[in-house]
Amino acid sequence: RYHEVFLDLFNAACPENDLKWGWWHGANPRSIGREATLAGLRWLRAHEIAVRGHVFLWPSWKHLPPHIVRLRDTPDEVAIPGLVRAHIADIAAATRGLVNEWDVVNEPF
């Protein structure tokens with residue numbers, strides 16, 4: 001029933017959390033995970049629902065995944081830019097053809 005009502009009322013969607021970095025990699029305990037997220041995106045595409053991806057990067061220590069935050073103020077901090085690029089390449093490749101547009105940086109400061 002939910003699918004029917006959604007298709008009747010909407011022509012676009014933006015997953016609230018599932019494309020955020022930590023959720024994408026399962027760092028958040030409420031995450032549905034990468035595969036379930038991709039299945040949802042495929043369902044939306046099959047029903048010609050435009051999708052906005054939210055978000056490649058949220059530049060705040062509070063919103064970065066734990067494995068990135070742990071690098072802060074350590075000699076390994078220099079690896080962070082490369083990890084950011086790798087994350088963006090990974091999620092962009094995995095969602096290619098499923099996401100129409102992306103929020104690249106959320107709340108820049």
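Colleague: Which element gives the largest share of the lining of the largest pocket?

Modeller: The model is predicted, and its largest pocket is lined by 14 residues. Two elements give two or more residues to that lining, namely α1 (2–9) and α3 (34–46). With six residues, the largest share comes from α3.

Colleague: How do the residues of that lining divide into nonpolar, polar and charged?

Modeller: Nearest the centre of the largest pocket lie Tyr-2, Pro-15, Gly-40, Trp-43 and Leu-44. The space in this pocket is about 280 Å³. Its lining residues divide into nine nonpolar, three polar and two charged.

Colleague: Which element gives the most to the lining of the second largest pocket?

Modeller: The second largest pocket has a volume of about 210 Å³ and is lined by 14 residues, among them Gly-22, Trp-23, His-63, Leu-64 and Pro-65 nearest the centre. The elements that give two or more residues to this lining are α2 (21–24) and β2 (50–57). The most, three residues, comes from α2.

Colleague: Is β2 largely enclosed by the rest of the structure or largely open, and how many of its residues are buried?

Modeller: A residue counts as buried under 20% relative accessible area. Strand β2 has eight residues, and it is largely enclosed by the rest of the structure because the number of them that are buried is six.

Colleague: In which sense do β2 and β3 pair?

Modeller: On one side of the question stands β1 (residues 12–13), which two bridges join to β2 in a parallel run; there, Ala-13 has Val-51 as its bridge partner. Strand β3 (residues 101–105) pairs with β2 over four bridges, and Leu-57 is partnered by Val-105 of β3. The sense of the pairing between β2 and β3 is parallel.

Colleague: Which residues does the cis peptide bond join?

Modeller: Most peptide bonds are trans. Here omega is about 10° for a cis bond, and one of the residues concerned, Val-55, lies in strand β2. The bond joins His-54 and Val-55.

Colleague: Where does Glu-48 lie, and is it buried or exposed?

Modeller: Most residues other than glycine have a negative phi. Glu-48 is not a glycine, yet its phi is positive, about 55°. The residue is placed in the loop between α3 and β2. Because its relative accessibility is 72%, Glu-48 counts as exposed.

Colleague: What is the relative accessible area of Asp-73?

Modeller: Asp-73 also has a positive phi, near 60°, in a residue other than glycine. Its position is the loop between α4 (66–69) and α5 (80–94). A residue counts as exposed over 50%, and Asp-73 is exposed at a relative accessible area of 66%.

Colleague: In what order do the elements of the protein run from the N terminus on?

Modeller: The protein has five helices and three strands. Its C-alpha trace spans about 50 × 25 × 25 Å along the principal axes. From the N terminus on, the order is α-β-α-α-β-α-α-β.

Colleague: What percentage of the contacts with a separation of 6 or more is between residues 24 or more positions apart?

Modeller: Of the 109 residues, 37% count as buried. The accessible surface comes to about 7,000 Å², with 56% of it belonging to carbon and sulfur atoms. Among contacts with a separation of 6 or more, the share from residues 24 or more positions apart is 77%.

Definitions and conventions: Residues are numbered from 1 along each chain as its sequence is written. This is a predicted model: local features need pLDDT of at least 70, side-chain atom pairs count only at pLDDT 80 or more; totals for chains, interfaces and linings use all residues. Side-chain values use heavy atoms; hydrogens and water are left out. On a 1 Å grid over the protein atoms alone, a cavity is a set of points where a 1.4 Å probe fits but cannot get out, and a pocket is an open set with protein on both sides within 12 Å along at least five of seven lines; lining residues have an atom within 4 Å of a point. Grid points are joined across faces, edges and corners, and a volume is the space filled by probe spheres set on the points. Ala, Val, Leu, Ile, Met, Phe, Trp, Tyr, Cys and Pro count as nonpolar, Asp, Glu, Lys and Arg as charged, and the others, Gly among them, as polar. Buried means under 20% relative accessible area, exposed over 50%, partly exposed in between (1.4 Å probe, protein chains only). Two strands pair if DSSP finds at least two bridges between them. Contact means heavy atoms within 4.5 Å. Accessible areas come from the Shrake-Rupley method with a 1.4 Å probe; for residues, only the protein chains shown count as cover.
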